[in-house]
Amino acid sequence: MHLARFPRLVLGHFPTPLEPLKNISALLGGPKIWIKRDDATGLASGGNKTRKLEFLLADAVEKKADIIITQGATQSNHVRQTIAGAAKIGLPTHALLEKRVSEFGDDYQHNGNVLLDHLLGGEIVAHLPNGTDMQLAMEAHANQLREKGHNPYVIPGGGSNAIGALGYVACAEELLYQSSQQRLRIDIVVHATGSTGTQAGLVAGFSATNSHIPVLGISVRAPKQKQEENVWNLASRTRELIGVPGELSRHAVVANSDYVGEGYGLPTEGTLEAIRLLARHEGILLDPVYSGKGFAGLIDLIRRGHFRQDENIVFVHTGGSVGLFGYRQVLAS
Ligand SMILES: *Cc1c(COP(=O)(O)O)cnc(C)c1O
C-alpha cells in the first residue's frame with residue numbers, strides 16, 4: 001500500500017501525541033496504558049473524524065462538489081468536524097440530524113456540538129425522528145440539490161466508507177512509527193467503535209503492514225455480532241482499496257458490546273466513572289457517548305484481569321469532549 005497515491009487535504013495536526021497514562025495505570029494497578037491523542041487533531045476541537053475527512057473532502061474537491069451533505073445524531077461530533085473541514089476549503093455543509101436521544105433537555109438539543117455546528121456556518125436542513133433511514137434522507141436531499149443544478153457530495157454517517165477509513169489506515173502507520181521511535185511494544189489497541197470506520201481502518205492498516213497488532217473495539221451501539229460483521233465488511237473494502245491481496249481473517253475483528261448500557265448516547269455509571277477518573281487524574285476530557293464508554297470498557301476489563309500485567313495497551317482517544325456540554329444534566333448531578 002502507498003497512501004500518498006490517494007488525494008488528501010491537510011485539515012488537522014498530525015501526528016497526534018502518543019502519551020503514557022501514568023496515573024491511571026498506577027491507579028488500576030494493571031497493564032501500562034498509553035493514550036493516542038486523536039482528541040487533539042486540532043480541527044474545531046478535534047476528534048477522529050478529522051482523519052477521515054482529509055481523504056473524504058479531498059475526494060469531494062476532485063469531484064468538483066459545491067455542497068457537502070452529511071448526517072449524524074443531534075450531538076454528532078462527525079457533523080461538527082465535517083462542517084469545520086468543509087468551511088476550511090470554502091464549501092457549505094448541509095447536515096441532517098437524527099433525534100436518536102431525547103432525554104437530556106435543552107443542553108442536548110442546543111449546546112455542545114449543535115452550538116458549534118451553527119457557529120461554524122453549517123446549515124441544519126432537517127432534524128428527523130429516531131429510526132429514520134438517514135442515508136435515504138441524504139440521497140433525497142442530494143437529488144433535490146441536483147435538480148437545482150448543484151453537485152453535492154454525500155458523506156455517510158461517521159464518514160465511514162472505504163475512503164474515510166483510509167484516515168485510520170494512516171493512523172495505524174503513525175502508531176507503528178511512534179512505537180518504533182518510542183521503543184514501545186504495542187500489545188493491543190482499544191477504542192470506542194460506532195460507525196466502524198476507525199476500527200476498519202486500523203485493522204486494514206495493521207494487517208496490510210503485517211504488524212497484526214490486535215484491535216479491540218468497545219461498541220457504543222450495536223451488538224457484538226453485528227458490529228464485528230460491519231467492521232469486517234468495511235475493513236475488507238478498505239484493504240481492497242489500498243491493494244492488499246487475500247481475505248481478511250475474521251479473527252482480526254473483535255468488538256465487545258458489554259458496555260453499551262441502555263443504548264446509544266446514554267451514558268452508564270461506568271461511563272461517568274471513566275470520565276471523572278481521566279478528568280481528575282490525568283486532566284483529560286473523555287465524552288459521554290463514545291470515548292467515555294470505550295474507556296469504561298477498558299477499566300472493567302482490566303479489573304477483571306482480561307490483560308496481562310506486562311502488556312502495553314494503547315487507548316485511542318477519539319475525541320468528543322464538546323458533547324460534554326450537551327450532557328450538563330447528567331454530569332452536574
Ligand atoms: C464517531 C466517533 C467514534 C466512533 O468512531 P467510528 O469510526 O464511527 O466507529 C468514537 N469516538 C468519538 C468521539 C466519535 O465522534
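Arg250 lies over the face of Trp232, at 3.6 Å from the ring centre. A charge is taken to sit over a ring when NZ of Lys or CZ of Arg is within 6 Å of the ring centre and within 35 degrees of the ring normal. The charged end of Arg51 likewise sits over the ring of Tyr168, 5.6 Å from its centre. The model is predicted, so local features need pLDDT of at least 70 and side-chain atom pairs count only at pLDDT 80 or more, while totals for chains, interfaces and linings use all residues. Residues are numbered from 1 along each chain as its sequence is written, and side-chain values use heavy atoms, with hydrogens and water left out.

Rings of Phe, Tyr and Trp (its six-membered ring) were paired if their centres lie within 6.5 Å, with planes under 30 degrees apart counted as stacked, over 60 as edge-to-face and the rest as tilted. The count by this rule is 5 aromatic pairs. One of them, formed by Tyr264 and Tyr290, is edge-to-face, at 5.9 Å centre to centre and 75 degrees between the planes. Tyr264 lies in the loop between strand E9 (254-256) and helix H10 (269-282), and Tyr290 in the loop between H10 and helix H11 (291-303), so the pair ties together parts that are 26 residues apart in sequence. Helices (H or I, at least four residues) and strands (E, at least two) are DSSP runs, numbered from the N terminus. Tyr264 is buried, with a relative accessible area of 11%, and Tyr290 is buried at 18%; buried denotes under 20% relative accessible area, exposed over 50% and partly exposed in between (1.4 Å probe, protein chains only).

Phe104, Tyr108 and Tyr327 form one aromatic cluster.
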